[in-house]
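Please open the structure in your viewer and keep the selection tool at hand.

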Amino acid sequence: MIYHAPKTLKEFASIASKYGKEAAIVAGCTDVLIKKNFFDNKKTVISTNEIEEIKKIEETEDKIRIGAGVTFTDLLCSKPIKKHCKALYEAAKVCGSVQIRNRATIAGNIINASPAADSIPPLMVSDATLILFKDDKEERIKIKDFFTGPGKTKLKHGQIVAYIELDKDKDNTISFYRKIGTRKALSIAKASVAFRAIKTNGNLSSVNVSYGSVGPTVINSVKAREYLENKALTESTIEEASLMAFGEVSPIDDVRSTAEYRRLVVKNVMIEELRPFIDN
Amino acid sequence: MSTLENAVSTQKDNIEITLNINSKEYKLNVSPTETLISVLRDKLKLTGTKYGCGEGECGACSIIMDGNLVNSCLVLAVQANNSEILTIEGYENDELIKKLQDAFIAKGAVQCGYCTPGMIMSGRALLEKNPCPTENEIREAISGNLCRCTGYVKIVEAIKSATE
């Protein structure tokens, strides 16, 4: 087996297309080194860690562009993320541990495609776009259309997620990310909820809600989102939206939790996190 | 028996890397899928770094690489090429590790001792960035490390007293 550490996206593309599915592409390695068969039948390991152009967080007037190689620690240290991407910042805080956050990259978390991934729900509610590269060709795909199942995405062999672009929060954006797990650090979510909306004169617009660990992929809400659009947050609208959330998730029983508990958690998190946004 | 019994260890050591560990330079050959902990423990016999879960949950293998706390079980040795690494064996030349070691002994923060090197490295990473941490900051800093004997009270006290 050979090892490659390309320095540019262009160099990466030529190596990755040469090996196709026989390449094991790695970044922080915090997920792939746990998978027993990850290196089976591979001819090369390609590390993206030395590609400097994908380690930056860039800010334009209304967007934030995050390089694939940005770590969770980088996200936490970034002023633009803290200021303009609050839900993602909250997720970065509770992702893994200090040790994991120092290595794990945002694109790695996305490509791993776990329904419990911490970065995916906040990126979904921020309507993030993934910018993919293969053979010098750019392709853009909305993150909500990227996942096809647990651990499965539309990424092709030799293709890389190079950047993630998301809308900045506005002054009147309200948002949250909340994860329920069993341990303070390193917990894999039993359930998680991300929420983002614009609040003008008490009424919500551009509402987005997504749920983690309660389906084969992170789920993008339809019912709760549509219900809350153009409504004001009151005890009764929150109650109604939380019941819709309860109904539209499809959790399973597994080692981490039960389906029943997960539904309840999603409902209760909606109530608890939205209540502080009610106008007095 | 090797620390890591995974199939990948049968691969050829075909890449030369240079590691600066505790201010000493090492040149050695590794395979592309070999982990840093296997290099530290099996090849260099630096067995102060402990192997626990092998999946980043327990923190026993924590070391400092280029100033950042990492789980050495989740780092590929090739990716550590040319990096500066600090392990528990670096205590002789490191004031902070020495202070932490003394504090762990004084406060009785060690029972079986298996988590201790990792705890001290997490404390070391914290104190370098934040010389006067609050109790909450200490607890956050060691939240990626598990202790199954004493509990965390004495460990937190030890790290706190190392700052005094």
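Begin in chain B by selecting helices α2(B) and α5(B): α2(B) passes α5(B) in a right-handed crossing. A crossing is called right-handed if the near helix is turned clockwise from the far one by less than a right angle, and left-handed if it is turned anticlockwise. The model is a predicted one, in which local features need pLDDT of at least 70 and side-chain atom pairs count only at pLDDT 80 or more, while totals for chains, interfaces and linings use all residues. Residues are numbered from 1 along each chain as its sequence is written, and chains are lettered from A and ligands numbered from 1 in the order in which they are written.

**The helix pair of chain B**

Helix α2(B) covers residues 95-106 and helix α5(B) residues 153-161; their axes are 8 Å apart and the packing angle is about 135°. Helices (H or I, at least four residues) and strands (E, at least two) are DSSP runs, numbered from the N terminus. Axes are lines fitted to C-alpha atoms, for helices over the stretch in contact, and angles run from 0 to 180 degrees between N-to-C directions. The angle therefore makes α2(B) oblique to α5(B); angles under 35 degrees count as roughly parallel, over 145 as roughly antiparallel, 65 to 115 as roughly perpendicular and the rest as oblique.

Now show the residues that make the contact: Leu100(B), Ala103(B), Phe104(B) and Ala106(B) of α2(B), with Ala158(B), Ile159(B) and Ser161(B) of α5(B). Two residues are in contact if their C-beta atoms, placed from the backbone, lie within 7 Å. By class, this contact has 6 nonpolar residues, 1 polar and no charged. Ala, Val, Leu, Ile, Met, Phe, Trp, Tyr, Cys and Pro count as nonpolar, Asp, Glu, Lys and Arg as charged, and the others, Gly among them, as polar.

**The domains of chain B**

Colour residues 7-89 as domain 1 of chain B and residues 94-161 as domain 2 of chain B; such bounds come from an automatic or database domain assignment. The C-alpha centres of these two domains of chain B lie 22 Å apart. Across the boundary, 13 residues of domain 1 of chain B are in contact with 13 residues of domain 2 of chain B. On the side of domain 1 of chain B that touches domain 2 of chain B, strand β3(B) gives the most, with 3 residues.

Select Ile64(B), which lies in strand β3 (residues 62-65) of chain B. Is Ile64(B) buried or exposed? Ile64(B) counts as buried because 23 C-beta neighbours are found inside 10 Å. A residue is buried if 20 or more other C-beta atoms lie within 10 Å of its own, exposed if 12 or fewer, and partly exposed in between, with C-beta atoms placed from the backbone. Not counting residues up to four places away in sequence, Ile64(B) touches Leu69(B), Leu86(B), Met121(B), Arg124(B) and Ala125(B).

For a second residue, select Asn81(B), in the loop between β4 (68-71) and β5 (84-86) of chain B. Asn81(B) counts as partly exposed, because it has 17 C-beta neighbours inside 10 Å. Leaving aside neighbours within four places in sequence, Asn81(B) is in contact with Ile17(B) and Thr18(B).

**The domains of chain A**

Move to chain A, which is divided into domain 1 (2-167) and domain 2 (173-277). Their C-alpha centres in chain A lie 25 Å apart, and the contact takes 23 residues from domain 1 of chain A and 24 residues from domain 2 of chain A.

Next, select helix α4 (residues 86-94) of chain A, whose buried residues are Ala87(A), Leu88(A), Tyr89(A), Ala91(A) and Ala92(A). Among the elements that cover them are α7 (120-125) and β11 (173-180) of chain A. Gly96(A), which follows α4(A), has a positive phi, near 60°.

**The helix pair of chain A**

Select α9 (residues 235-248) and α10 (residues 259-274) of chain A, whose axes come within 8 Å and cross at roughly 155°. That makes α9(A) roughly antiparallel to α10(A), and their crossing is right-handed.

**Between the chains**

Finally, display both chains: the contact takes 21 residues from chain A and 24 residues from chain B. On the side of chain A that touches chain B, the largest share, 5 residues, comes from α5(A). By class, that side of chain A has 13 nonpolar, 6 polar and 2 charged residues.
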